[in-house]
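Try each task yourself before you read its solution.

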Amino acid sequence: MSLHPPAKAWTYWANFLALCVLTVVTWYTARMDLGVLSTPVALGIAVIKAALVVLFFMHVWESTPLTKLVIAMSLFMLTVLLTFMFTDYMTRNYDVLPPVDHAAVSSVKH
Amino acid sequence: MSVTEKSPNAAHSGHDHGNSHELAHHFVSVEQQHDAGNLGMWMFLTTEVLFFGGLFAAYTIYRYKFERVFEQASNILDPMLGAINTIVLIFSSVTMAFAVRSAQQGKSKAIVAWLAATILFGCMFLGIKVFMEWKHDAHLHVFPTADFNWTYAREMHSGGEHGHGHDSHGPEMKGILFNAPVVPQKYIDADARNPEAKQARLFFFLYFTMTSLHAAHMVIGFGVMAVIMVYAWYGYYTPNYYVPVESVGLYWHFVDLVWIFLFPLLYLLGAHLGAGH
């Protein structure tokens with residue numbers, strides 16, 4: 001049969017152990033005051049955990065290039081979503097509104 | 001046809017209808033069928049990435065706008081329960097991976113056993129979340145409903161034992177999910193004066209929406225798994241045809257992936273603030 005042979009059982013347990021260790025690492029690094037690095041570190045560890053799940057639990061490591069392309073495409077679309085929303089909202093200065101011109105407002109007939 | 005078949009059923013496909021369900025007529029080989037099924041499932045997971053991605057985007061924007069209040073609000077949640085749930089869900093992913101592996105090996109009854117274990121740990125996750133976390137959240141009035149109260153929540157959370165002492169003697173009010181003590185008027189007035197209350201409510205709206213959506217995905221996963229278990233019990237899946245088992249596996253691992261990102265963003269946001277928060 002040419003379908004991929006099942007992975008060895010110990011690989012799944014090894015990945016589980018790695019994921020547990022990384023969860024503990026997330027816990028302790030969250031408690032440390034890393035300043036501006038705290039978010040990148042937390043997300044970085046989450047990305048490593050996600051990579052382990054995607055590559056080994058979801059068998060992407062041994063999948064077709066087309067599957068890998070689809071996954072890359074979904075990550076690209078997510079990046080587009082986050083990047084453009086973020087750059088939009090974070091460059092709006094709407095916390096500081098121009099003062100209300102009461103005379104102009106009250107003269108408008110509704 | 002001119003394509004050289006490598007699968008053991010090649011000689012029979014199209015002629016033997018005994019196990020023709022292994023290879024559908026519109027596929028050339030079991031490999032192509034398997035890859036096509038996998039690809040289809042990944043296309044669906046792409047839509048799921050953007051489904052949750054929208055909520056993550058909203059979270060990102062508001063977290064940076066209201067960073068301090070979001071950190072304080074995150075501290076109301078219990079990170080230990082969140083961490084336990086993370087391990088429970090990752091373990092359910094391992095049992096799911098073994099279910100797929102059993103399908104690859106052609107062990108039908110083992111598929112059923114591993115899927116049952118996956119459902120069991122998934123239910124454990126939901127039990128901890130709903131009956132331990134959300135029940136406590138309801139008592140603190142952080143559910144983003146009409147009786148949300150940030151001042152009350154902060155005081156009761158940092159008050160600890162004193163807070164619970166007062167609660168048990170107050171009049172009970174029927175909540176949507178759990179009964180919670182009525183919020184005294186002074187807290188309602190304090191919240192009306194405090195613009196940060198709305199920001200905190202935003203955090204909890206995002207928290208409950210994201211975790212509820214995640215929980216709904218889990219419940220749907222249980223249903224699909226139950227169906228797969230029935231098919232597996234009757235030997236429907238073979239080493240040549242286990243795409244449905246692998247597909248539900250991909251779905252469940254995706255649910256785990258979402259939680260891997262939800263946990264640090266929702267629970268550990270303000271962890272560095274320490275006991276003073």
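The exercises go from whole chains to single residues.

This is a predicted model, in which local features need pLDDT of at least 70 and side-chain atom pairs count only at pLDDT 80 or more, while totals for chains, interfaces and linings use all residues. Residues are numbered from 1 along each chain as its sequence is written, and chains are lettered from A and ligands numbered from 1 in the order in which they are written.

**Exercise 1. The two chains**

Task: Work out the secondary structure and the buried share of chain A and of chain B.

Solution: 
- Start with the elements, where helices (H or I, at least four residues) and strands (E, at least two) are DSSP runs numbered from the N terminus. Chain A has four helices and zero strands, in the order α-α-α-α from the N terminus.
- Chain B has nine helices and two strands, and its pattern along the sequence is α-α-α-α-α-α-β-β-α-α-α.
- Next comes burial: a residue is buried if 20 or more other C-beta atoms lie within 10 Å of its own, exposed if 12 or fewer, and partly exposed in between, with C-beta atoms placed from the backbone. In chain A, 15% of the 110 residues count as buried; in chain B, 42% of 277 do.
- Finish with the domains of chain A, whose bounds come from an automatic or database domain assignment. Domain 1 covers 1-58 and domain 2 covers 64-91, and 21 Å separate their centres, taken over C-alpha atoms.

**Exercise 2. Where the chains meet**

Task: Describe the side of chain B that touches chain A.

Solution: 
- The interface brings together 43 residues of chain B and 40 residues of chain A.
- Now look for the helices of chain B: H1 (30-65), H3 (79-105) and H9 (243-267) each supply at least two residues of this side. H1(B) gives the largest share, 16 residues.
- Sort the residues by type: Ala, Val, Leu, Ile, Met, Phe, Trp, Tyr, Cys and Pro count as nonpolar, Asp, Glu, Lys and Arg as charged, and the others, Gly among them, as polar. This side of chain B has 25 nonpolar, 13 polar and five charged residues.

**Exercise 3. A helix pair in chain B**

Task: Find how H1(B) and H8(B) are oriented to each other.

Solution: 
- The axes of H1(B) and H8(B) (residues 196-233) come within 11 Å and cross at roughly 160°.
- Classify the angle: under 35 degrees is roughly parallel, over 145 roughly antiparallel, 65 to 115 roughly perpendicular and the rest oblique. H1(B) and H8(B) are therefore roughly antiparallel.
- List the contact residues: H1(B) brings Leu55(B), Ala58(B), Tyr59(B) and Tyr62(B), and H8(B) brings Leu202(B), Leu206(B), Thr209(B), Met210(B) and Leu213(B). Eight are nonpolar, one is polar and none is charged.

**Exercise 4. An enclosed helix**

Task: Explain why H2(B) is described as largely enclosed.

Solution: 
- Count its buried residues: seven of the ten in H2(B) (residues 67-76) are buried, so the helix is largely enclosed by the rest of the structure.
- Name them: Val69(B), Phe70(B), Gln72(B), Ala73(B), Ser74(B), Asn75(B) and Ile76(B).
- Find the cover, which includes H1, H5 (150-159), H8 and H9 of chain B.

Notes: Two residues are in contact if their C-beta atoms, placed from the backbone, lie within 7 Å. Axes are lines fitted to C-alpha atoms, for helices over the stretch in contact, and angles run from 0 to 180 degrees between N-to-C directions.
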